[in-house]
Amino acid sequence: VRDVPRFTRTVVARETLRLLAGTFDTWKLRGDSELFGSADRVHFWYAHAGLVRIHFHLEADATDETGAVVGRMVVDQDQVLTSLSLHRPDDPHTLGN
């Protein structure tokens, strides 16, 4: 995906996702980076309609203004497609026409 800093994606599975926007046959990809810690995880799910889900788990030390470690920050986030509307390019009702 990017060389400096290094970001890569690797296909790890085929999965069927059932989301509010519908059911999608997807490719699940794992995201990796030289910037990630050992506990960090990022996954992407792509369908014919495009990106339908992103999930990440990130961990890092929390520091004060002097740089002293005062705790641990843990972030879990899941973003999923909630609706989808496809239009033919020649459809006069397509947004932007």
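Which residue in E5 is the bridge partner of Ala62? In E5, Gly71 takes that place. The structure described here is a predicted model, in which local features need pLDDT of at least 70, side-chain atom pairs count only at pLDDT 80 or more, and totals for chains, interfaces and linings use all residues. Residues are numbered from 1 along each chain as its sequence is written, and side-chain values use heavy atoms, with hydrogens and water left out.

The strands are described before the individual residues. Strands (E, at least two residues) and helices (H or I, at least four) are DSSP runs, numbered from the N terminus. Five strands form an open sheet in the order E1-E2-E3-E4-E5. Their pairing is antiparallel. Two strands count as paired if DSSP finds at least two bridges between them. Strand E1 (7-19) and strand E5 (69-80) are the edge strands, each pairing on one side only. On average, neighbouring strands of this sheet are turned by 20 degrees against each other, direction ignored. Such angles run from 0 to 180 degrees between N-to-C directions, and the axes are lines fitted to C-alpha atoms, for helices over the stretch in contact.

Strand E2 (residues 22-33) pairs with E3 in the antiparallel sense over five bridges. Here Trp27 stands opposite Tyr46 in E3. E3 and E4 run antiparallel and are joined by seven bridges. Two residues lie between E3 and E4 in a hairpin. E4 and E5 also run antiparallel, with 11 bridges joining them. Strand E3 (residues 41-47) is mostly covered, as five of its seven residues are buried. Buried means under 20% relative accessible area, exposed means over 50%, and partly exposed lies in between (1.4 Å probe, protein chains only).

Thr26 lies in strand E2. Its relative accessible area is 0%, so Thr26 is buried. Contact means heavy atoms within 4.5 Å. Leaving aside neighbours within four places in sequence, Thr26 is in contact with Ala13, Arg14, Glu15, Leu17, Trp45, Tyr46, Ala47 and Val52. Thr26 and Thr16 are 10 residues apart in sequence. In space, their C-alpha atoms are 5.9 Å apart.

His57 belongs to strand E4 (residues 50-63). His57 counts as buried because its relative accessibility is 18%. In E4, His57 is the bridge partner of Arg41. Not counting residues up to four places away in sequence, His57 touches Ala39, Asp40, Arg41, Val74, Val75 and Asp76. With Asp76, the side chain of His57 makes a polar contact, side chain to side chain, at 2.7 Å. A polar contact is a pair of N or O atoms within 3.5 Å; within protein, one must be able to donate a hydrogen and the other to accept it, and residues adjacent in sequence count only if both atoms are side-chain atoms.

Charged pairs were examined next. The structure holds six salt bridges. A salt bridge places a side-chain nitrogen of Lys or Arg within 4 Å of a carboxyl oxygen of Asp or Glu. One joins the side chains of Arg6 and Asp3 (2.9 Å, N to O). Arg6 has a relative accessible area of 40% and is therefore partly exposed. Asp3 is at 58% relative accessibility, so Asp3 counts as exposed.

Arg53 forms another salt bridge, with Asp78, and the closest N and O atoms are 2.9 Å apart. This pair links distant parts of the chain, with Arg53 in strand E4 and Asp78 in strand E5, 25 residues apart. Asp78 is partly exposed because its relative accessible area is 40%.

Asp61 forms a salt bridge with Arg72, with 2.9 Å between the closest N and O atoms. This pair also links distant parts of the chain: Asp61 is in strand E4, Arg72 is in strand E5, and 11 residues separate them. Arg72 has 49% relative accessibility, so Arg72 counts as partly exposed. Salt bridges that share partners join Glu59, Asp61 and Arg72 into one network. A polar contact of 2.9 Å also joins the side chains of Asp61 and Arg72. Asp61 is partly exposed because its relative accessible area is 47%. Leaving aside neighbours within four places in sequence, Asp61 is in contact with Val69, Gly71 and Arg72. From Asp61 to Gly71, the C-alpha distance is 6.1 Å, at a separation of 10 residues in sequence.
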